Structure formats: structure tokens, C-alpha cells
Amino acid sequence: MDYQNRVGSKFGGGGMYGEAESNADRRERLRKLALETIDLAKDPYILRTHLGTIECKLCLTLHPNEGSYLAHTQGKKHQTNLARRAAKESKENELNMSTNAPGPEIIMPKKTFVKIGRPGYKVTKVKQNIPAQDGQEGRTRMGLMFQVHYPQIKDNERPRRRLMSAFEQRREMPNAAYQYLLIAAEPYETIAFRIPSGTVNINEEDDLGDDSVGWDFWDADTKNYSVQLLWD
């Protein structure tokens with residue numbers, strides 16, 4: 001075939017470019033342009049394999065050398081993927097900003113703490129004589145005094161206590177004749193005393209209500225917590 005006498009060719013010019021030659025020339029021009037504008041050391045998408053080839057982590061393409069990779073970065077596929085990645089990151093940033101906007105206060109669960117063991121305690125039997133009144137005979141109430149020592153209690157902490165039914169606990173077989181007094185204070189383990197069931201009433205407020213039924217007291221100086229319960 002006569003390549004020098006085709007339409008559009010110049011005499012002595014060796015003929016017009018074919019498609020392969022045009023593509024090669026375009027890649028070479030793109031490579032030179034990329035060399036001037038791109039620093040491969042700062043390219044987050046370049047990955048050099050152990051075989052000496054170069055992989056584009058964005059487009060998942062493999063290239064034999066830097067020139068081929070640079071030409072790829074100027075191509076349509078790479079530029080399209082760059083635009084998609086930028087749009088995705090912009091959307092994620094907008095979503096993060098919206099989630100960080102002021103909203104209803106979130107109450108975080110209380111963090112667990114390292115327990116240092118059980119506190120020392122003392123249990124004493126007590127009784128209260130009730131004089132006769134309004135035609136009723138005098139009687140005696142029996143009770144228990146619980147004294148617990150917390151020498152290493154957490155700062156600004158006050159021991160807490162409550163009554164628990166025998167059917168709430170899972171350590172022993174439930175027995176309706178008994179109930180449990182629980183006393184807790186960080187960082188000590190919670191301790192429980194099995195006591196007879198009766199008309200003892202401890203509410204969840206800071207006081208025990210009727211002083212004739214029971215009371216509690218926290219001595220912040222000596223770190224001693226006392227609870228007294230009485231039964232009819």
C-alpha cells in the first residue's frame with residue numbers, strides 16, 4: 001500500500017498517522033504533562049508491587065512502568081473515578097457535620113469500676129421497748145444494727161442500701177421467710193445480709209422514713225455507715 005500518496009499526506013512526510021501511532025503519541029504527551037504536574041511520592045493511589053509493576057488503587061489497573069501509570073492518571077477512567085471519590089467524601093463530610101449538630105443530650109451509661117474487695121462490717125442485735133399507751137400493753141421490738149466501714153470509699157460517695165426480695169436473688173433457693181439488705185459503695189463490692197421478712201420498710205430516698213422502724217447514718221469523718229432495722 002502506498003502510504004505517502006494518500007489524501008492529506010505530505011510528500012516526504014512518511015504518510016499519515018494510523019490509529020496506533022496516534023494513541024502512542026497521545027499517551028506520550030500525557031505522560032510528559034503528568035511528569036510536570038504530578039509528584040508520584042504524594043500520589044495516594046499508586047502502589048508498587050513486588051514484581052516491579054505499578055497498580056492504581058483507585059481504578060484497580062496494572063501498569064508496567066511509571067510512564068504508563070502517569071498516562072493512565074490523565075485518562076478518562078481515572079479522572080471519572082477521582083470525581084466520584086471527591087463527591088463521596090463531600091457527602092460524608094456533610095453527613096458528619098449534620099450528626100455533630102447540637103441535639104438532645106445523650107446520657108452515657110455509668111462506667112464500671114475496679115472493685116477492691118468487701119468492706120469490714122459488724123452486726124449487732126438490738127431491741128426497743130415501747131411503753132403502754134392508749135390502753136395497749138407495752139411491747140418490745142427486736143432488730144439488727146449493721147455497721148459497715150469504708151476507709152477507701154470514693155470521694156463524695158455515700159453508701160446506698162435497699163431491701164431485696166428472696167425471689168429477686170439468684171444465689172440461694174427462694175424462701176419467703178427471708179429478705180436481703182444490700183449495701184453498696186464504690187469501689188467496694190456490694191454486700192448483702194439475709195434478714196427475716198417482716199414489716200420493715202426502707203424506701204429509696206435518703207432517709208428510712210419512720211424512725212421507729214429503721215434509720216441509717218453515714219459518718220463521713222470516720223467512714224462508717226450504720227443501718228438499724230426493727231421488726232414488730
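The following questions and answers concern a predicted model of a protein chain. Local features require pLDDT of at least 70 and side-chain atom pairs count only at pLDDT 80 or more, whereas totals for chains, interfaces and linings use all residues. Residues are numbered from 1 along each chain as its sequence is written, and side-chain values use heavy atoms, with hydrogens and water left out.

Q: How many strands does the secondary structure of the protein chain comprise?
A: Helices (H or I, at least four residues) and strands (E, at least two) are DSSP runs, numbered from the N terminus. From that terminus the elements run α-β-β-β-α-α-β-β-β-β-β-β-β. The chain has three helices, and its strands number 10.

Q: What percentage of the 232 residues counts as buried?
A: Buried denotes under 20% relative accessible area, exposed over 50%, and partly exposed in between, with a 1.4 Å probe and protein chains only. By that criterion, the buried share of the 232 residues is 29%.

Q: Which strands stand at the edges of the open three-strand sheet?
A: Two strands pair if DSSP finds at least two bridges between them. The order of the antiparallel sheet is β1-β2-β3. One side of each edge strand is left without a neighbour in the sheet, because each has a single partner strand; these are β1 (46–48) and β3 (61–63).

Q: Which residue in β3 is the bridge partner of Glu-55?
A: Strand β2 spans residues 54–56 and pairs with β3 in the antiparallel sense over three bridges. Within β3, the bridge partner of Glu-55 is Leu-62.
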